[in-house]
Amino acid sequence: MMNVPLNIATMLERAETFFPKKQVISRMKHGVVRHTYKEIGERTRRLASALKQLGVEVGDRVGTFAWNHHRHLEAYFAIPGIGAVLHTINIRLSPQHISYIINHADDRVLLVDDDLLPLIEKVKDEIPNVRAFVIMTDEKTLPETTLDPVYHYEELLEKGNPTFSFVKDLDENSPAGMCYTSATTGNPKGVVYSHRGIVLHSMALGLADSAALSEADVAMPVVPMFHANAWGLPFAATWYGTTLVMPGPSFTPKTIAELMEAEKVTLAAGVPTIWLGLLNELEKGNYDLSSLTRILCGGAAAPKGMIRAFEEKYRIPFIHAYGMTETSPLVLLSRLKSYQQHLSNEEKLDIRAKQGILVPGLEMKIVGKDGDVKWDGIEMGELCLRGPWIADEYYNDERSQTAFRDGWLYTGDVVTIDEEGFIKIVDRTKDVIKSGGEWISSVDLENALMAHEAVFEAAVVAVPHPQWQERPIACVVVKEGKTVTKEELYDFLRPQFAKWWLPDDVVFMKEIPKTSVGKFLKLKLREQLREYFSNVK
């Protein structure tokens with residue numbers, strides 16, 4: 001067989017060659033803009049040559065601080081196209097974490113959206129190694145800024161070479177991108193992605209039993225491009241010639257619904273909080289989303305009630321998935337096997353509410369207290385993974401020794417696996433509730449609570465207990481215009497769980513704190529409730 005290296009640049013070249021008329025559609029501040037893949041290819045080559053002129057060398061890190069739009073997509077290919085490393089920076093991190101990861105990655109150039117400039121200006125004195133700031137804007141002139149030196153993205157492109165040749169002789173294992181975890185404790189951890197890993201991950205997204213992404217799709221990555229490469233969709237969609245719809249800056253559930261309807265989106269991807277917001281919008285408005293053939297949901301467990309609402313009320317297929325920054329991120333997808341199609345709707349929903357089965361190309365093991373767990377859907381253990389798009393260490397971080405052992409990534413996710421191989425995320429190892437020597441799944445309780453018609457969001461956390469070590473407390477946000485009492489929620493839960501699983505209390509809140517990528521921030525909730533039992537008379 002030919003030993004031909006896998007290279008990201010060839011993915012864009014395929015789109016230029018075979019799909020020059022297909023479009024990348026971006027919702028920007030001043031309206032929707034459209035570019036063909038031929039235009040995207042030319043603009044990407046111009047950017048690549050401009051970055052070379054700014055002194056970017058092979059192996060240098062170039063940071064992006066931006067929303068989901070065409071310019072960010074161009075950076076996805078231009079930066080690794082010159083052998084540099086694309087570092088997508090989470091725009092929702094604290095200033096301290098933003099400066100930390102820019103310095104830890106040693107970014108030499110930053111590409112920054114104009115409306116996000118104030119966030120970088122706050123840390124400008126703490127990131128001395130950044131040599132240039134490229135401002136991405138629709139305006140003809142640069143905004144006033146304290147950053148220096150600054151360059152206008154479009155002006156750089158005007159001077160760039162539209163026929164620039166990408167670097168092709170790279171080792172396929174050389175770094176192409178990097179992303180940092182959102183970090184609930186300590187500093188974020190850096191994960192480096194190789195050319196080989198990204199290409200193989202993109203191929204996996206096109207498998208029929210995976211995301212089944214194809215040229216015929218109109219794909220909308222609602223998940224941010226700074227979060228695990230928007231789950232790899234921008235790379236894969238470009239390679240396949242898929243029409244891409246980018247939601248752009250400061251979107252709302254209303255703008256997402258309108259864009260889906262207008263552009264006839266067939267596939268969309270995002271975290272559960274995005275889809276909860278969309279469900280609320282669909283209840284208020286009148287939208288035609290009949291083009292949607294599937295929604296991909298990952299990042300956290302999706303409540304069964306939400307899956308049911310999308311599929312039964314709005315006839316939108318809903319696919320549960322699982323991954324993490326360290327896994328590029330695709331690991332599990334929940335699709336029914338052919339012989340499970342005859343099951344009742346409720347039985348199908350029970351299966352599809354799980355995170356799913358392992359995608360081809362990866363290996364797994366689930367390690368419990370006594371070794372590998374039984375495939376019975378009951379015994380719990382930690383999910384461990386290995387494969388060509390799984391990280392093997394954190395970038396320059398001693399915490400690698402904890403997560404990566406003997407060639408496996410220990411995910412920190414506690415799971416069960418049933419006899420058919422469907423994995424269910426029970427909890428994070430740090431979030432599982434240990435009560436009287438037994439484990440209680442906060443995720444199961446949360447999903448049950450969010451199935452109640454009056455509950456918008458629910459998070460369950462452990463608080464210290466003088467007798468039982470830990471006990472669960474439920475934090476609940478009620479839907480606008482709805483009411484529910486604690487006793488009504490207990491009545492709703494009792495038929496579903498053993499008595500000792502029931503939360504010791506239900507605390508109603510206006511909002512549940514979340515991480516920068518929309519996951520429940522349980523660390524903060526635990527801190528708020530830490531003294532709960534000592535204060536209860």
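**Salt bridges**

I started with the salt bridges, counting a side-chain nitrogen of Lys or Arg within 4 Å of a carboxyl oxygen of Asp or Glu. That rule gives 32 salt bridges. Before going on, I noted that this is a predicted model, where local features need pLDDT of at least 70 and side-chain atom pairs count only at pLDDT 80 or more, while totals for chains, interfaces and linings use all residues. Residues are numbered from 1 along each chain as its sequence is written, and side-chain values use heavy atoms, with hydrogens and water left out.

**Arg294 and Asp217**

I looked up Arg294 next: it forms a salt bridge with Asp217, and the closest N and O atoms are 2.6 Å apart. The two partners sit in distant parts of the chain, 77 residues apart, with Arg294 in strand β13 (residues 294–297) and Asp217 in the loop between α7 (195–205) and β10 (218–221). For the element names, helices (H or I, at least four residues) and strands (E, at least two) are DSSP runs, numbered from the N terminus.

Are these two buried or exposed? I used relative accessible area: under 20% is buried, over 50% is exposed, and in between is partly exposed (1.4 Å probe, protein chains only). Arg294 is buried at 7%, and Asp217 is buried too at 6%.

**Lys486 and Asp505**

Here the closest N and O atoms of the salt bridge are 2.9 Å apart. Lys486 lies in helix α16 (residues 486–493) and Asp505 in strand β27 (residues 505–508), so this pair ties together parts 19 residues apart in sequence. Lys486 is partly exposed at 35%, whereas Asp505 is buried at 13%.

**Arg494 and Asp491**

I also checked Arg494, which forms a salt bridge with Asp491 with the closest N and O atoms 2.5 Å apart. Both ends come out partly exposed: Arg494 has 40% relative accessibility and Asp491 has 44%.

I jotted down one network as well: salt bridges link Arg43, Arg71, Glu74, Asp138 and Glu154.

**Helices α1 and α2**

At what angle do α1 and α2 pack? Helix α1 (residues 8–18) and helix α2 (residues 37–53) pack at about 140°, with their axes 8 Å apart. Axes here are lines fitted to C-alpha atoms, for helices over the stretch in contact, and angles run from 0 to 180 degrees between N-to-C directions. The two helices are therefore oblique to each other, since under 35 degrees counts as roughly parallel, over 145 as roughly antiparallel, 65 to 115 as roughly perpendicular and the rest as oblique.

I listed the contact residues, with contact meaning heavy atoms within 4.5 Å. From α1 they are Leu12, Glu13, Ala15 and Glu16, and from α2 they are Tyr37, Ile40, Gly41, Glu42, Thr44 and Arg45.

**Two buried residues**

I looked at Ile120 in helix α5 (residues 117–121). Ile120 is buried, with a relative accessible area of 0%. Leaving out residues up to four places away in sequence, Ile120 touches Phe65, Ile98, Ile102, Leu110, Val112, Ile127, Phe133 and Leu147. Pro95 is 25 residues from Ile120 in sequence, and their C-alpha atoms are 8.1 Å apart.

My last stop was Asn447, in helix α15 (residues 442–450). Asn447 is buried at 15%. With residues up to four places away in sequence not counted, Asn447 touches Ala301, Ala302, Pro303 and Lys304.
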